[in-house]
Amino acid sequence: MADLGVRCAGVALRNPFLLASGIWGESGDSLAGAWAAGAGGVITKSIGAVPRPGYPNPTVETYERWGLLNAMGLPNPGIEEYPREIKSAQNAGATVIGSVFAGDANEFARLARRMEETGVVAIELNLSCPHAEGFGTEVGSDPDDVERIVQAVVDKVKVPVIAKITPNTSDPAGLAAAAEHGGAAAVSAINTLRALAIDVRLRRPVLSHGLGGLSGSAIKPVGLACVWQIYEAVSIPVIGVGGIMRAEDALEYVMAGARALEVGTAVAFEGIRVFARLTHDLSSLLDELGYDRVEDAVGAAHTRP
Amino acid sequence: MRTIVRVTDRVEETPSTVTLRFPFDAPCEPGQFVMVWIPGDDELPMSLSYTAARSKGITVKVMGDTSRRVQAIDAGVLLGIRGPYGNRFDLSPRRVLVVAGGSGAAVLAPAVEAGVAGGMVAVVALGATRARELLFKDRFRGMGARVVVATDDGSEGLHGYVTPLAERLLASTAFDAVWTCGPEVMMRKVVDLAGTHRVPVFCSMERHMKCGLGMCDACAFGPYHVCVDGPVFSADRLKEVPDFGTFHRDPTGRRVSF
């Protein structure tokens, strides 16, 4: 059976499938459960400086099994309360990556430092969050902001820093390059796509917040395009995210340039057992295609000189 | 994903609870819940209190923030319904003690109805703050269940909580199962009582919910999620949940003690 172990951003992972941030991440028991179910690592809920209840419901809409729209509003218990959940997951043996979000570079750096103290193996920066000043666009939509934030964080912590890239831009590769310039150890792409659902009988958006983020199978082609372009633009590892439901989807991302992967929406449609299925099926698929290790397939679809 | 329905009936069951009936065809098992969208307001998990083929019902406590808004819902109002979600009560036990605290009676009613229709013997220990708050007392009797009541103020039945009533019944009658729903601290006591008498017990749990799909973790409950692994939990599972009767989580995810 093909070897699924990967090394990404200085972290050794038993398999490339990370539990994506925002899924099963509110409680340490759930993070531990995802690890026990076979995830290669777990990424926490995005944690901020203060507790946030998030937006009122409705916060989720599904499109059969091909898409999911969410506007949760970054609910989280805040950096003071959350470490106990991380500890509980670590006690269960989980490899935990901490996700943080903030409105500006200084706050990102402070939060990252607090997150590092919990013993997480890496920190993922959720850049798809609003500006502190309330500009209405995502913090991570401007390359200068991205570089500034990443630099501020990297200056403050020793653990590897992963920048999660938004797809709501015309230049994801530029954002990734900015993250690399700022010192990121890796980039993950993509976060959710800005999207909307309207109920025609009620004549209003379905989600209480109106606009939300689209995830699931529908966004896989967009995620793949971003990973493809980012892989060509940076030397740091790329973590592929967006619509991974089956092993073939995972290998598409790997061949596009991803060294590791994140799985989120699949858990809503398949349950946590999706991790066991993905690892089993990816191994079989790699065997079928003649790969001894998943790492050998990274970027295989690119024509390299 | 959601069905938009028009409320057909509004029934004031007690001074603090209201039943809303609406057309909804999806088969719903006793114990299951739906996510109810009050447009412009909120979307909340509510157990179905009526599970008839074409017409379903929810029975809502009218107190606190959201419930004040539910108070304003009359026949003709549009609601968004998604589901049903969750698991159901196992209807195979032949003799069941049903321990209902306050609005918990609404959750248990469809299970008692279906159980009795299938030949089950049901004894309902019904508790409330006062006589007028005894929810579905007549409905349970109409189903053919024996109903014994307890009120905090002694205005009807035993003067006290429903748990001592349940204890008496467990001591004097052989039951195959206990079903319970009500304040969590009450359910915790019922689980202990049932354990002492070695009777399997099933609780219908409640937690804050957002997605209802087992993804967002808002309803994380030990190693489980109330929306997909519950809301009905057996004592065996509850043993694995340190949260049970101890803490729940608020919308931020912070732990809050009972």
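## Exercises on a two-chain model

B:V98 stands opposite B:V124 in β9(B). The model is predicted: local features need pLDDT of at least 70, side-chain atom pairs count only at pLDDT 80 or more, and totals for chains, interfaces and linings use all residues. Residues are numbered from 1 along each chain as its sequence is written, while chains are lettered from A and ligands numbered from 1 in the order in which they are written.

### Exercise 1: a strand and its partners

Task: Find which strands β9(B) is joined to by bridges, and how much of β9(B) is buried.

Solution. 

Step 1. Helices (H or I, at least four residues) and strands (E, at least two) are DSSP runs, numbered from the N terminus. Strand β9 of chain B covers residues 121–128.

Step 2. Look for pairing, which takes at least two DSSP bridges between two strands. Strand β8 (residues 95–101) of chain B is joined to β9(B) by seven bridges, and the two run parallel. Strand β10 (residues 146–151) of chain B is also parallel to β9(B), with six bridges. Here B:V123 faces B:R146 in β10(B).

Step 3. Trace the crossovers. A crossover is right-handed if, with the strands pointing away from the viewer, the path from the first strand over the helix to the second runs clockwise. β8(B), helix α2 (residues 104–117) of chain B and β9(B) form a right-handed β-α-β unit. Another right-handed β-α-β unit is made by β9(B), helix α3 (residues 137–143) of chain B and β10(B).

Step 4. Count burial. A residue is buried if 20 or more other C-beta atoms lie within 10 Å of its own, exposed if 12 or fewer, and partly exposed in between, with C-beta atoms placed from the backbone. Seven of the eight residues of β9(B) are buried, so the strand is mostly covered.

### Exercise 2: the build of chain B

Task: Describe the overall dimensions of chain B, then its domains and the contact between them.

Solution. 

Step 1. Take the inventory. Chain B holds seven helices and 18 strands. Of its 258 residues, 53% count as buried.

Step 2. Check the dimensions. The C-alpha atoms fill a box of roughly 50 × 40 × 35 Å along the principal axes. The radius of gyration, taken over C-alpha atoms, is compared with a globule rule of 2.2 Å times the number of residues to the power 0.38. For 258 residues a compact globule would come near 18 Å, and the 17 Å of chain B agrees.

Step 3. An automatic or database domain assignment gives domain 1 (3–85) and domain 2 (95–257) of chain B. Their centres, over C-alpha atoms, are 20 Å apart.

Step 4. Describe the contact. Two residues are in contact if their C-beta atoms, placed from the backbone, lie within 7 Å. In chain B, 19 residues of domain 1 touch 16 residues of domain 2. On the domain 1 side, β5(B) gives the most, six residues. By class, that side has eight nonpolar, nine polar and two charged residues. Ala, Val, Leu, Ile, Met, Phe, Trp, Tyr, Cys and Pro count as nonpolar, Asp, Glu, Lys and Arg as charged, and the others, Gly among them, as polar.

### Exercise 3: where the chains meet

Task: State how many residues each chain gives to the contact between chains A and B, and where helix α1(A) packs.

Solution. 

Step 1. Count both sides. Chain B gives 24 residues and chain A gives 32. Strand β5 (residues 42–51) of chain B supplies three residues, the largest share of the chain B side. That side comprises 14 nonpolar, four polar and six charged residues.

Step 2. Turn to helix α1 (residues 28–36) of chain A. Eight of its nine residues are buried, so the helix is largely enclosed by the rest of the structure. Among them are A:L31 and A:W35.

Step 3. List the neighbours. The buried residues of α1(A) pack against β3 (17–19), β4 (41–47), α3 (83–91) and β7 (96–100) of chain A, together with β14 (220–221) of chain B.
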